Amino acid sequence: MESSKERTHYVQESSDDHSPIEEVRLVVPETDDPSIPVMTFRVWFLGTLSCTILIFLNTFFTYRAQPLTISAILMQIIVLPIGKFMASVLPKRNIIILGKSFSLNPGPFNMKEHVIITIFANCGVSSGGGDAYSIGAITVMKAYYKQSLNFLCALLIVLTTQILGYGWAGMLKRFLVDPAEMWWPSNLAQVSLFRALHEKETNSRGLTRMKFFLIFMGASFAYYAFPGYLFTMLTFFSWVCWIWPHSITAHQVFSGKNGLGIGAFTLDWAGISAYHGSPLVTPWVSILNIAVGFIMFVYIIIPLCYWKYNTFDYRRFPMFSNKLFTHTGQIYDTSKILTPQYDLNIAAYENYGKLYLGPLFALSIASGFARFSATIVHVALFHGSDIWKQTKSAWNKVNVKLDIHAKLMKAYEEVPQWWYLILLGGSIGLSFLMSFIWPKDIQLPWWGMLFAFVLAFVVTLPIGVIQATTNQLAGTIIAGVVNLGVCWWMLDNIENICVDDAQHPDNPWTCPKYKVTFNASVIWGLIGPNRLFGAGGMYQNLVWLYLVGAILPVPIWVMSKIFPEKKWIPLINIPLISYGFAGMPPATPTNIACWLITGMIFNYFVFKYRKGWWKKYNYVLSAALDTGTAFMGVLLFFALQNEKVNLKWWGTELDHCPLATCPTEPGIVVKGCPVF
């Protein structure tokens with residue numbers, strides 16, 4: 001650690017130390033008491049327990065046909081009474097462990113302990129989907145390719161890929177955390193809930209935040225019994241299909257589950273928040289940019305490509321699907337083109353035929369090309385000079401301007417830089433070692449590992465800047481071990497897990513999230529991008545989206561310099577516009593459209609016209625909806641669905657648009673679909 005003489009000199013350029021972000025000023029307090037105990041026995045016990053429970057539940061639910069991600073807010077609520085109970089019954093005498101003395105009960109259960117425990121729990125919802133990203137690769141290897149895999153190798157894959165991020169984090173903290181403009185809006189819901197749970201409100205008009213939370217949590221809990229079990233059609237309410245029950249085109253346009261979802265809607269909070277998180281915590285400017293991209297891609301580009309131009313023979317396939325197809329519109333059987341070593345059998349591939357992508361899937365990949373290059377160029381143009389100044393300031397340890405919250409954090413010792421470097425070097429070293437020890441399991445040579453690390457480092461900063469302005473190690477290790485253990489058990493013990501729902505219509509374990517991961521492995525690994533996107537490939541023209549994405553931020557940046565008084569110009573964010581198409585599939589247009597509408601209502605209209613209500617209740621409402629839905633989701637599963645007590649009636653069919661999955665090209669024969 002640096003000495004007091006070596007500490008950075010902080011220069012105040014103005015007397016106003018408040019955060020420049022209004023949402024932060026409204027929600028986050030500007031006081032702190034460094035004397036409050038933090039790393040207590042209660043923190044380690046409850047943190048470990050909450051992380052274990054949450055990662056177990058999220059791993060379990062992520063394999064479902066209708067996935068449910070349980071946020072850390074669930075444990076944030078549960079541990080509060082437990083922490084207070086421990087504070088009332090644990091002995092206050094000191095005990096000695098490894099030569100160090102500490103108290104099992106240093107006093108009342110405080111907010112800082114509560115925060116650290118919730119940070120532990122957050123490790124149980126990593127990657128935004130309830131599991132480590134590498135779990136997807138392991139699931140694909142075991143469930144789809146039926147490949148044997150060494151458990152120790154799998155565990156090291158999970159831990160190294162997760163811990164690697166800490167190395168990047170240590171190197172990029174000065175860019176993604178210290179600047180006041182990097183405010184990570186998704187955290188504000190939890191900050192608001194912490195204050196509601198711990199602060200006493202006096203002389204407050206209306207309901208206190210705690211009462212508000214309990215009321216809406218109870219309402220959310222009771223209501224989710226309907227979309228979660230009793231009346232599941234509320235998840236995709238595609239009422240327009242009832243008018244034209246025999247029209248494929250009508251079903252493609254109006255289906256909320258398998259079509260464009262025009263006129264369809266969801267009254268299921270899990271459906272609204274499933275893929276982009278809670279819309280109540282996303283800034284209005286971000287919502288507007290995403291909406292532009294969503295409307296442009298879903299309601300303009302896809303219909304033109306499908307009906308007018310029949311791009312890439314799109315009418316041979318369903319408009320919306322997460323599956324891969326043959327030229328005749330059938331599901332692509334990858335087992336027919338595999339060698340015993342899980343490589344591509346080129347002769348079999350040429351005999352079986354080329355791989356085709358559905359319209360929404362192909363354009364989703366194309367938008368990813370544009371988003372990648374646009375993110376790098378956007379950050380370089382709009383934030384490049386600030387990043388360079390921050391780099392020089394941090395390196396020289398002078399002229400670093402911080403807001404009040406960053407200054408309050410200076411009362412605590414920082415984690416030394418060498419600690420991050422050890423984690424980074426250790427993760428990279430172990431990864432290289434695995435590529436030599438288990439080459440058949442890893443199937444990635446050392447130079448491929450090196451390229452992956454370099455690419456990850458290059459994109460971490462620009463993507464982090466976008467997330468920080470638009471949306472603990474022990475916990476990570478615990479989460480990784482439990483994550484893999486649950487995954488391994490389920491893949492070995494649940495019959496027909498990840499099997500296509502067309503073969504087993506009542507199978508609740510169809511793994512839609514990992515189906516997309518499997519498709520990606522076929523596209524980018526088995527068949528390879530060169531055959532699809534290279535010269536002569538069916539989708540070679542989509543590669544031009546890289547160039548388009550790189551060019552689009554330039555005129556916006558130029559206009560912002562020519563017209564500096566037009567403050568709305570820099571708010572046009574090409575990476576966010578391209579993000580309007582992200583996550584589809586498995587996300588549906590209905591999921592995203594309802595997310596956008598909900599976010600617009602609360603973060604534009606309510607924020608603008610009822611700012612007092614928004615300041616007091618907005619993030620508390622988000623937390624209440626998450627918590628109530630999660631509680632009922634867990635209860636329904638273990639009490640009814642896991643016992644195979646299922647309802648079967650008209651209202652439990654998710655979508656009454658069965659023809660939405662049919663092709664429209666004349667002569668294409670697909671089971672269950674009419675032939676034109």
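Trainee: Why does Trp307 count as partly exposed?

Mentor: This is a predicted model, and in it Trp307 has a relative accessibility of 30%. Buried means under 20% and exposed means over 50%, so Trp307 lands in between and counts as partly exposed.

Trainee: And Tyr306, what makes that residue buried or exposed?

Mentor: Tyr306 has a relative accessible area of 0%. That is under 20%, so Tyr306 is buried.

Trainee: How do you know what kind of pair the rings of Tyr306 and Trp307 make?

Mentor: Check the distance, then the angle. Their centres are 5.5 Å apart, within the 6.5 Å cut-off, so they pair. Their planes sit at 85°, which is over 60, so the pair is edge-to-face. The structure holds 38 aromatic pairs.

Trainee: Switching to helices, why are H2 and H4 called roughly parallel?

Mentor: The axes of H2 (residues 41-61) and H4 (residues 111-122) cross at roughly 30°. Angles under 35 degrees count as roughly parallel, so H2 and H4 qualify. The axes come within 7 Å, and the residues making the contact include Trp44 and Leu46 of H2 and Ile116 and Phe120 of H4. By class, that contact has 9 nonpolar, 3 polar and 2 charged residues.

Terms used
Residues numbered from 1 in each chain as written. Predicted model: local features only at pLDDT ≥ 70, side-chain atom pairs only at ≥ 80, totals over all residues. Heavy atoms only, no water. Axes fitted to C-alpha atoms, helices over the stretch in contact; angles between N-to-C directions. Helix = DSSP H or I, 4+ residues; strand = E, 2+ residues; numbered from the N terminus. Parallel < 35°, antiparallel > 145°, perpendicular 65-115°, else oblique. Contact = heavy atoms within 4.5 Å. Nonpolar A, V, L, I, M, F, W, Y, C, P; charged D, E, K, R; others polar. Phe/Tyr/Trp six-rings, centres within 6.5 Å; stacked < 30°, edge-to-face > 60°. Buried < 20%, exposed > 50% of the residue type's maximum accessible area, 1.4 Å probe, protein only.
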